[in-house]
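Please look through the structure slowly, with the sequence beside it, and follow the paragraphs below from one site to the next.

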Amino acid sequence: MNKRKNKFIIIPILVAILSLASLIYFKSPFNTSNEKLYIDFIKDLSNNRIEKVYDTNSPTIKVKLKDGTIYSTDNPRNIDFKENLLKSGVKVSESSLVDVKSLIPSLGLLTSIALISVMLLKSSKTTSKGLFSMSSLDVSPTENVNYSFKDMAGNEEAKESVKDVVDFLKNPEKYNKYGARIPKGIILYGDPGTGKTLLAKAIAGEADVPFFAVSGSDFVQVYVGVGAGRIRNLFKKAKSYGKAVIFIDEIDAIGKKRSNSGTGGSDERDQTLNALLTAMSGFNEDHGIVVIAATNRLDILDNALLRPGRFDRHIEVSLPDVSARKKIMELHLDNKPHNNINITEWAQKTAYFSGAKIENLINEAAILACKNNSPQITDGHLDKAFSIVLAGHEKINRDFIKDKDKKITAYHEIGHALTSLKVLPEEKISKITIIPSTKGAGGYTLSIPEDTMYQSKDYLYKRIMVLLGGRAAEEIIFGQDHITTGAYNDLQKCSHMIFNIITKYGMGETLGLLSLDELSSLKDLNQKDILLECKNIIDSLYNKTKILLLENKESLHQLSNLLLEKETLYYEDLLQFTVDN
Ligand code: ADP
Ligand code: ZN
């Protein structure tokens with residue numbers, strides 16, 4: 001809009017220049033065409049060629065001839081001048097001649113100057129709006145968001161964890177009566193395309209409240225204070241609707257952990273972050289406003305954001321496993337004509353695909369079907385679309401690696417799980433998955449530790465065995481030379497635990513009941529012995545774990561294959577393996 005205005009400003013500028021030029025020309029001493037000597041005027045008068053004289057008080061008077069010519073001549077300032085003229089039949093006017101033509105340039109100049117200043121003023125106003133006020137970030141909510149939980153397949157856990165928020169948005173009074181505090185802020189974290197935006201929309205849709213969507217990067221501006229202003233404006237607007245869901249995508253743009261080194265440009269971000277935190281503490285629980293933020297990684301966010309009363313509910317939106325992928329495919333195929341598509345097989349083939357990627361795959365297939373004038377989408381179209389989505393030749397290679405990776409991950413995770421089932425049967429394993437999460441590299445095994453106040457030496461040893469189960473399974477199945485870096489995290493934890501057992505908990509031999517922390521000032525403390533004892537313990541525990549898994553090799557294979565097939569196993573899937581313990 002600004003650009004267009006700027007283009008039009010050229011017109012008054014041109015007019016101004018032309019008017020100025022003509023004014024200079026007509027006023028210049030060279031332009032003598034309409035000035036005559038007084039004697040010439042007298043001649044005209046005697047020749048009876050004059051029609052009218054404009055007799056004013058000015059030093060010159062204007063004379064109009066019968067043929068229309070106008071000229072000026074000196075004012076004789078004679079008292080009889082007027083009478084003489086009248087006597088010779090010349091009209092006399094006492095007002096000055098308004099020569100319209102000569103006024104045009106002046107008028108043009110005046111109006112164009114006026115126009116230019118108005119235009120400049122206006123455009124400077126709009127640019128200053130863009131830079132310094134918040135209205136340029138036009139946040140108008142979507143009301144009647146047409147999304148519900150049905151539009152999101154899979155991710156049942158995530159949906160489950162936001163159901164109370166929907167209920168709260170519907171009737172906050174109910175929760176207020178109980179004095180219940182519903183989270184003001186929710187963080188959805190997970191890989192791109194896993195449906196975080198979708199879930200936020202579904203919450204607003206289910207609760208039937210307006211949905212404000214912004215991105216964290218909208219608030220990061222060059223000018224200090226702009227982002228903060230925009231935040232305040234956003235919340236003000238949301239409040240005016242009473243209830244609302246505010247969705248902030250890419251929250252890391254404003255909420256990233258502050259680095260100690262680089263301070264450049266962080267002022268603006270700090271102010272924006274503070275404005276967000278203040279705004280969030282500014283509305284009460286009974287307001288019915290919920291802020292949902294999305295990020296790919298939770299661990300890079302500033303702790304200030306995650307504290308209670310701020311974004312204190314963290315929900316992972318993970319990549320779909322095979323059954324979720326099947327549901328997502330069904331959902332997106334639902335409104336499209338299709339024929340004989342083996343959805344189960346496609347769900348298997350699309351391992352590690354996000355929901356967005358699956359949606360993209362089906363869309364590509366639909367486009368292909370349409371291009372071919374085929375009445376329906378078929379397996380063939382999906383095949384072609386699959387290559388497009390995976391980009392050509394890369395596919396074969398990647399699938400191979402993927403399969404091998406998957407297998408390693410599966411055995412590794414089952415190694416943990418099986419060890420846990422055998423040595424700590426009272427700990428419930430709630431979930432094993434080979435779908436990567438933002439928490440762990442390949443996959444992960446979630447077990448619920450028993451709630452006890454103290455941990456015995458026996459228990460700590462067993463936990464270490466469970467941690468070592470991943471690497472042990474890798475070694476048993478793939479051989480000593482093919483163990484992987486996948487155990488990195490496990491080994492870190494083991495080392496930490498064993499070191500504490502010996503140096504803090506008084507459960508080792510080298511130090512006995514002495515605590516290393518208190519002895520740290522001793523110079524000739526034999527660190528070698530401590531290291532050696534740590535190593536002996538972990539070696540013997542590792543051997544024990546290997547023996548245990550070798551004894552249960554059959555279960556190891558069976559469970560790993562089941563995991564490869566289903567990608568996620570739950571407590572129920574493991575029951576049969578706990579019984580024949
Ligand atoms: P994110 O915000 O996590 O990057 P989006 O919510 O923008 O992901 O997802 C992009 C699109 O992918 C959605 O509009 C939807 O079409 C599809 N999609 C992603 N996850 C799912 C899912 N679980 N069920 C159905 N569709 C999904
Ligand atoms: Zn592991």
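A residue is called buried when its relative accessible area is under 20%, exposed when it is over 50%, and partly exposed in between, with a 1.4 Å probe and only the protein chains counted. Gly68, at 40% relative accessibility, therefore counts as partly exposed. Gly68 sits in the loop between strand 2 (60–65) and strand 3 (70–74), where helices (H or I, at least four residues) and strands (E, at least two) are DSSP runs numbered from the N terminus. Although Gly68 and Lys52 are 16 residues apart in sequence, their C-alpha atoms are 10.0 Å apart in space.

Before going further, please keep in mind that this is a predicted model, in which local features need pLDDT of at least 70 and side-chain atom pairs count only at pLDDT 80 or more, while totals for chains, interfaces and linings use all residues. Residues are numbered from 1 along each chain as its sequence is written, chains are lettered from A and ligands numbered from 1 in the order in which they are written, and side-chain values use heavy atoms, with hydrogens and water left out.

Thr73 has a relative accessibility of 2%, and so it counts as buried. A polar atom of the Thr73 side chain lies 2.9 Å from the backbone oxygen of Lys36, and the side chain of Thr73 also reaches the backbone nitrogen of Tyr38 at 3.5 Å. Such a polar contact is a pair of N or O atoms within 3.5 Å; within protein, one must be able to donate a hydrogen and the other to accept it, and residues adjacent in sequence count only if both atoms are side-chain atoms. Thr295, found in strand 8 (residues 289–295), is likewise buried, with a relative accessible area of 2%, and its side chain makes a polar contact of 2.8 Å with the side chain of Asp252.

We can turn next to the backbone. Asn48 has a positive phi of about 60 degrees although it is not a glycine, and Asn48 is found in the loop between helix 3 (38–46) and strand 1 (50–54). With a relative accessible area of 44%, Asn48 is partly exposed. Tyr352, another residue other than glycine, has a positive phi near 70 degrees; Tyr352 lies in the loop between helix 15 (343–349) and helix 16 and is partly exposed, with a relative accessible area of 23%.

Which residues surrounding ligand 1 are the closest? Among the 16 residues that surround this ligand, they are Ala153, Gly193, Lys196, Thr197 and His332, where a residue is near a molecule if one of its heavy atoms lies within 4 Å of it. The shell divides into 7 nonpolar, 6 polar and 3 charged residues; here Ala, Val, Leu, Ile, Met, Phe, Trp, Tyr, Cys and Pro count as nonpolar, Asp, Glu, Lys and Arg as charged, and the others, Gly among them, as polar. Domain 2 (149–316) and domain 3 (322–391) both give residues to the shell, so ligand 1 lies between them, with the domain bounds coming from an automatic or database domain assignment.

Oxygen atoms of ligand 1 take part in several of the pairs listed here: one lies 3.3 Å from a backbone N or O atom of Thr194, one is 3.0 Å from a polar backbone atom of Gly195, and one lies 2.5 Å from a polar side-chain atom of Thr197. Taken alone ligand 1 exposes 560 Å², and the protein buries 80% of that, the accessible areas coming from the Shrake-Rupley method with a 1.4 Å probe, with only the protein chains shown counting as cover for residues. The elements that give two or more residues to the shell are helix 9 (196–207), helix 14 (322–333) and helix 16 (355–371).

His412 counts as buried at 5% relative accessibility, and His416 counts as buried at 8%.
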